[in-house]
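Me: Could you walk me through a structure and show me how to read its features? I'd like the general idea, then the case at hand.

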Amino acid sequence: MTEPLVDLTIAVHSETRPIARAVSSVLDHTRAPVRVNVVAHNIDPGIIRRNLGDYAAHPQLRLLELRDGIPSPAGPMNHGFASSTAPFISVMGSDDELAPGAIDSWLALQQRTGAEAVLARIRLDTGRTDPYPPVRNGRRTEGLHARKDRLAYRSAPLGLIDRRRFGDLRLTEGLPSGEDLTYSLTVWYTADRLAYDLAGPPYIINGDAGDRVTFAPRPIARDFAFLDELESLPWFAAASRPERVAIVVKLIRIHVFDAIFARARTPEDLEANRAGLLALLDRFEGLAPGATALLSRADRAVFDELRSAAGTPESLALALDRRHVYMSLPTLLPRNPLRALHRQAPFRTLFSGFRIMNGAH
């Protein structure tokens with residue numbers, strides 16, 4: 001085959017995943033030379049070869065194998081990165097697919113802007129565009145700024161990454177979750193040029209995987225183990241307070257409330273986890289003083305219930321539900337009205353996300 005411009009890695013760990021659909025969306029609908037690296041992860045590659053059908057013999061496909069005994073996508077994705085030689089790398093979930101022409105659109109935007117990473121537009125299984133990251137005014141596509149465009153809200157490095165610039169970067173292995181967080185943050189916060197293909201063909205998230213497993217909540221320290229690596233990164237250690245605040249506000253909004261919900265469903269669970277959750281909040285505030293003050297009143301009410309000796313699983317559940325009443329003052333305003341229009345406060349963040357989700361770009 002012609003030397004590829006893009007090496008795209010798909011990790012697959014189960015025979016029920018629709019790997020042929022994912023591969024077809026790339027190979028049948030991309031004009032640029034692209035190579036798909038399918039990594040059979042802890043599974044007989046013969047099974048994946050059969051599931052690939054005719055694509056198994058396609059000259060632009062490589063079937064790789066990794067047996068590490070670890071149920072995490074970090075290992076196989078890193079194996080794909082290490083096996084890549086193209087100028088650009090990309091990743092894809094085995095359940096997902098690309099709209100026709102997506103990679104060609106990313107490459108065109110990269111060529112025009114010189115971006116070291118191009119963020120893909122993501123179409124959710126609801127049919128709407130993912131509102132994250134809520135870039136400035138819901139419109140920004142070129143010359144992105146990690147803090148001003150709230151790029152921390154994009155955890156997965158979906159799109160195009162310049163291998164010459166970030167070829168040695170790897171997902172974090174050994175974590176039960178959050179393996180892509182420090183990878184993505186490092187790209188967003190250290191790249192010289194970034195672009196967002198907000199009007200291009202999307203990366204499509206499908207919701208039809210039939211083999212997902214629900215786990216009991218892990219210890220808090222395990223779920224937030226990525227924080228140790230984040231704190232150790234030189235660029236984070238050197239980051240300004242506003243940059244840290246932008247990252248921490250996102251981590252609290254997107255990750256901490258889910259952690260509270262999962263660990264406070266019964267009085268026994270609440271009692272066992274309250275101190276750990278409060279210590280987590282203190283750790284975040286220590287990493288970025290002032291971050292908590294930018295959260296909404298509804299967010300802060302959840303923390304009040306958690307801190308209160310009178311707080312119960314029922315009162316916490318009610319407070320968590322109120323966070324999702326998006327057009328109410330408690331969800332749009334922080335407690336200090338002088339911070340209402342701060343870039344990382346709820347109003348501007350939600351407004352930008354709303355515009356993206358509803359196609360105002």
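Me: Is phenylalanine 284 buried or exposed?

Reply: This is a predicted model, so keep in mind that every value here is computed from it. Buried means under 20% relative accessible area. Phenylalanine 284 comes out at 0%, so it counts as buried.

Me: Where does phenylalanine 284 sit, and which ring does it pair with?

Reply: A pair of aromatic rings is described by the distance of the centres and the angle of the planes. The structure holds eight aromatic pairs. In one of them, the rings of phenylalanine 224 and phenylalanine 284 have centres 6.2 Å apart and planes at 80 degrees, so that pair is edge-to-face. The pair ties together distant parts of the chain: phenylalanine 284 belongs to helix α11 (residues 267-287), while phenylalanine 224 is in the loop between α7 and α8 (226-232), 60 residues apart. Phenylalanine 224 has 6% relative accessibility, so it counts as buried.

Me: What does a stacked pair look like here?

Reply: Take phenylalanine 257 and phenylalanine 303: 5.2 Å centre to centre, with 5 degrees between the planes, which is stacked. This pair also links distant parts of the chain, with phenylalanine 257 in helix α10 (residues 241-263) and phenylalanine 303 in helix α12 (residues 297-307), 46 residues apart. Phenylalanine 257 is buried at a relative accessible area of 2%, and phenylalanine 303 is buried at 1%.

Me: Which residues do ring pairs link into a cluster?

Reply: That would be Tyr189, Trp235 and Phe236. Tyr189 is also one of the buried residues of α6. Helix α6 (residues 181-190) is mostly covered, with nine of its 10 residues buried.

Me: Which charged ends sit over rings?

Reply: For this one you look for a charged end placed over the face of a ring. The charged end of arginine 323 sits over the ring of phenylalanine 257, 3.7 Å from its centre. The charged end of arginine 164 sits over the ring of phenylalanine 88, 5.5 Å from the ring centre.

Me: What should I look for in the backbone?

Reply: Most residues other than glycine have a negative phi, and most peptide bonds are trans. Now the cases here. A cis peptide bond joins tyrosine 132 and proline 133, with omega about 0 degrees. Proline 133 is in the loop between β7 (122-123) and β8 (159-162).

Me: And which residues have a positive phi?

Reply: Among them are asparagine 137, with phi near 60 degrees, and arginine 150, with phi about 55 degrees. Asparagine 137 is partly exposed, with a relative accessible area of 48%, whereas arginine 150 counts as buried at 3%.

Me: What does the side chain of asparagine 206 contact?

Reply: The side chain of asparagine 206 makes a polar contact with the side chain of glutamate 97, at 3.1 Å. Asparagine 206 is in the loop between β10 (203-204) and α7 (220-223), and its 14% relative accessibility makes it buried.

Me: Which residues form a nonpolar patch on the surface?

Reply: Tyr326, Met327 and Leu350 do, with about 350 Å² of accessible area together. Methionine 327 is in the loop between α13 (313-322) and α14 (329-332). Exposed means over 50% relative accessible area, and methionine 327 has 74%, so it counts as exposed.

Methods: Residues numbered from 1 in each chain as written. Predicted model: local features only at pLDDT ≥ 70, side-chain atom pairs only at ≥ 80, totals over all residues. Heavy atoms only, no water. Patch = residues over 30% accessible without salt bridge, like charges linked within 9 Å, V, L, I, M, F, W, Y side chains within 5 Å. Areas by Shrake-Rupley, 256 points an atom, 1.4 Å probe, with all protein chains shown as cover. Salt bridge = Lys/Arg side-chain N within 4 Å of Asp/Glu carboxyl O. Helix = DSSP H or I, 4+ residues; strand = E, 2+ residues; numbered from the N terminus. Buried < 20%, exposed > 50% of the residue type's maximum accessible area, 1.4 Å probe, protein only. Polar contact = N/O pair within 3.5 Å; in protein donor to acceptor, adjacent residues only side chain to side chain. Phe/Tyr/Trp six-rings, centres within 6.5 Å; stacked < 30°, edge-to-face > 60°. Lys NZ or Arg CZ within 6 Å of the ring centre and 35° of its normal.
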